[in-house]
Amino acid sequence: MCAKMFKPIKKVRVSETAAKQLEELIKNKTFAEGEPLPSERQLMKELQVGRGSIREALRILEIKGFIETQPGIGAFVKSYEGDIFSPLSTWLTDNYEALRHFFEVRSLLEPSTARMASERISAEDFEELLKTHEEFKKTVAEGDLPRAIMLDADFHRLIGKATGNKVLASIMDALYKSMIEGWKAPLKIPGQPNKSLKEHEEILAAIKNRDGELAAQLMTSHLSEALKTLGDAGLNK
């Protein structure tokens, strides 16, 4: 009887607490649209948390659509409302060509990246990739969409890192920063987070077994399925 009265207390990450506080300040218009947020150093001092937590908090806010970051300049308020739960169809109608181009680049790059990672990945890099995958699985189960989007991107970026090729890793990092909506759009579709999770598991297993050809094939399928899903959601003209 008592068990039904209580809910487990969720452990809250420092970055989530920081993001929530900044989100509230944006919503109550403490920071105006277009106005820059304080620098990372200032936020670290004011919130008394580390740089890693601040950067993750800013990524969460960017994924939610509250801010946009300009490399080398800073983070700026984009919207008082955010857009993480806004209808996807309108955005797809206005941005289908850019999104298609984004997936074309990923489809050219990432299968080869997965193949190379399978051949070169170190035990340390695999553990980091596995940890990120497990976090993604947990986050999908919890229904935490913003964090799931962030971890989905991290999974792909870490595959680039696992190649040991610094140029390739930097390109993967630039891909994330160039179009945050490209990572957001697929996972906003109902059922897609669980589908992506299953596909990530297959890619991870191929990399673990050092089966480069299979990893490349699975990555190709993963990306083409994501684009097809977006097409079914209204991307196709």
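Visitor: What is the volume of the largest pocket?

Guide: The model shown is predicted. In this model, the largest pocket has a volume of about 920 Å³. Its lining consists of 33 residues, and those closest to its centre are Leu-58, Arg-59, Glu-62, Thr-69 and Lys-177.

Visitor: Which elements give two or more residues to the lining of the largest pocket?

Guide: They are helix H2 (40-47), helix H3 (51-64), strand S1 (67-70), strand S2 (74-77), helix H7 (166-178) and H8. The largest share, six residues, comes from H3. By class, 14 of the lining residues are nonpolar, seven are polar and twelve are charged.

Visitor: How many cavities of 30 Å³ or more does the structure hold, and what makes a space a cavity rather than a pocket?

Guide: The structure holds one cavity of that size. A space is called a cavity because a 1.4 Å probe fits there but cannot get out, whereas a pocket is open. The largest cavity contains about 80 Å³ of space.

Visitor: Which residues lie nearest the centre of the largest cavity?

Guide: Among the 13 residues of its lining, Arg-106, Asp-152, Pro-186, His-222 and Ala-226 lie nearest the centre. At least two lining residues are supplied by each of H4, H6, H8, H9 and helix H10 (212-235). H8 gives the largest share, namely four residues. The lining of this cavity has six nonpolar, five polar and two charged residues.

Visitor: Why is Gln-192 called buried?

Guide: A residue counts as buried when its relative accessible area is under 20%. The value for Gln-192 is 3%, and Gln-192 is therefore classed as buried. This residue is found in helix H9. Leaving aside residues up to four places away in sequence, Gln-192 touches Pro-186, Leu-187, Ala-226 and Thr-229.

Visitor: What makes one say that the buried residues of H5 line one face of the helix?

Guide: The buried residues are Asp-125, Phe-126, Leu-129, Thr-132, His-133, Phe-136, Thr-139 and Val-140. Viewed down the axis of H5, they fall within an arc of 150°, so they line one face. The face turned away from this buried side carries the exposed residues Ala-123, Glu-124, Lys-131 and Ala-141. Among the elements that cover the buried residues are helix H6 (145-162), helix H8 (180-187) and helix H9 (192-208).

Visitor: How many helices and strands has the chain as a whole?

Guide: The chain has ten helices and two strands. Of its 237 residues, 46% count as buried. Among contacts between residues at least 6 apart in sequence, 72% join residues at least 24 apart.

Technical notes: Residues numbered from 1 in each chain as written. Predicted model: local features only at pLDDT ≥ 70, side-chain atom pairs only at ≥ 80, totals over all residues. Heavy atoms only, no water. Buried < 20%, exposed > 50% of the residue type's maximum accessible area, 1.4 Å probe, protein only. Arc of directions from axis to C-beta. Contact = heavy atoms within 4.5 Å. 1 Å grid on protein atoms, 1.4 Å probe; cavity = no way out; pocket = protein on both sides within 12 Å on 5 of 7 lines; lining within 4 Å. Points joined across faces, edges and corners; volume = space filled by probe spheres on them. Nonpolar A, V, L, I, M, F, W, Y, C, P; charged D, E, K, R; others polar.
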